[in-house]
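Subject: Structure handover

Hello,

Here is the structure for you to look over. My notes on it follow below.

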Amino acid sequence: MAFGPARSIGGALAAVLLLSAAGAAATLWSERLDRVRHESDIATGGVGARAIPIMTANGCSGCHIITGVPGAQGQVGPRLDGSLAGRVFVGGVLANNPVNLIRWIRSAREINPHTAMPSTRITEQQARDIAAYLYALR
């Protein structure tokens, strides 16, 4: 059993190795998130980083739970917390792809007059930004 300086050096070495591993894992996670965000931006023609203020200003948080959007705890619409990318349909009627999601965000009632989702009439670019944000939530 080691005592004194040898034990201190071993503990310090273990701590350094643990911190190094944690730092490497954090870097890999951050790079993965950046890649997913970039892919979502490209797929939609939007910039997900601009979406939160757009969603807040247009009341999305009143109906949906949306990861990362302050106050988005609505119970009317589906959760938008990372499961959207894996869904088959948007609004229950359109194949889930960027073009259809952008259409749905802008004019849901023109697609399905009986939906609770309002036609937001936001700009196409704003809808692209929201779609990019939502698809990046994985």
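A word on terms before the pockets: a pocket here is an open set of grid points with protein on both sides within 12 Å along at least five of seven lines. Its volume is the space filled by probe spheres set on those points. Please keep in mind that this is a predicted model.

**Largest pocket**

The largest pocket holds about 480 Å³ of space. Its lining is made up of 27 residues. Nearest the centre are His64, Pro78, Leu80, Trp104 and Met117. H4 gives the most, with three residues. By class, the lining of the largest pocket has 18 nonpolar residues, eight polar and one charged.

**Second largest pocket**

The second largest pocket has about 210 Å³ of space. It is lined by 12 residues. Leu33, Arg37, Tyr133, Ala136 and Leu137 are the closest to its centre. Helix H1 (5–44) and H5 each supply at least two lining residues. H1 gives the most here, with five. The classes in this lining are eight nonpolar, one polar and three charged.

**Overall layout**

The protein chain has 138 residues, and 31% of them count as buried. It has five helices and two strands. Along the sequence the pattern reads α-α-α-β-β-α-α. What share of the contacts with a separation of 6 or more comes from residues 24 or more positions apart? The figure is 42%.

**Nonpolar core**

The largest nonpolar core has 25 residues. Those that touch the most other members are Met55, Ile66, Leu101, Ile105, Ile130, Tyr133 and Leu134. Helix H2 (51–57), H4 and H5 each supply at least two residues of this core. H5 has the largest share, with six residues.

Leucine 134 is in contact with Ile66, Leu80 and Leu84, leaving aside neighbours within four places in sequence. Of these partners, Leu80 is also one of the residues nearest the centre of the largest pocket.

**Two residues to look at**

Asparagine 100 sits in helix H4. Is this residue buried or exposed? Asparagine 100 counts as buried, because its relative accessible area is 12% and the cut-off is under 20%. A polar atom of its side chain lies 2.9 Å from the backbone oxygen of alanine 95. Not counting residues up to four places away in sequence, asparagine 100 touches Leu94 and Ala95.

Arginine 121 lies in the loop between H4 and H5. Its phi is positive, at about 60 degrees, although it is not a glycine. Arginine 121 counts as exposed, because its relative accessibility is 58% and exposed means over 50%.

Regards

Notes. Residues numbered from 1 in each chain as written. Predicted model: local features only at pLDDT ≥ 70, side-chain atom pairs only at ≥ 80, totals over all residues. Heavy atoms only, no water. 1 Å grid on protein atoms, 1.4 Å probe; cavity = no way out; pocket = protein on both sides within 12 Å on 5 of 7 lines; lining within 4 Å. Helix = DSSP H or I, 4+ residues; strand = E, 2+ residues; numbered from the N terminus. Nonpolar A, V, L, I, M, F, W, Y, C, P; charged D, E, K, R; others polar. Buried < 20%, exposed > 50% of the residue type's maximum accessible area, 1.4 Å probe, protein only. Polar contact = N/O pair within 3.5 Å; in protein donor to acceptor, adjacent residues only side chain to side chain. Contact = heavy atoms within 4.5 Å. Core = buried A, V, L, I, M, F, W, Y, C linked by side-chain atoms within 4.5 Å.
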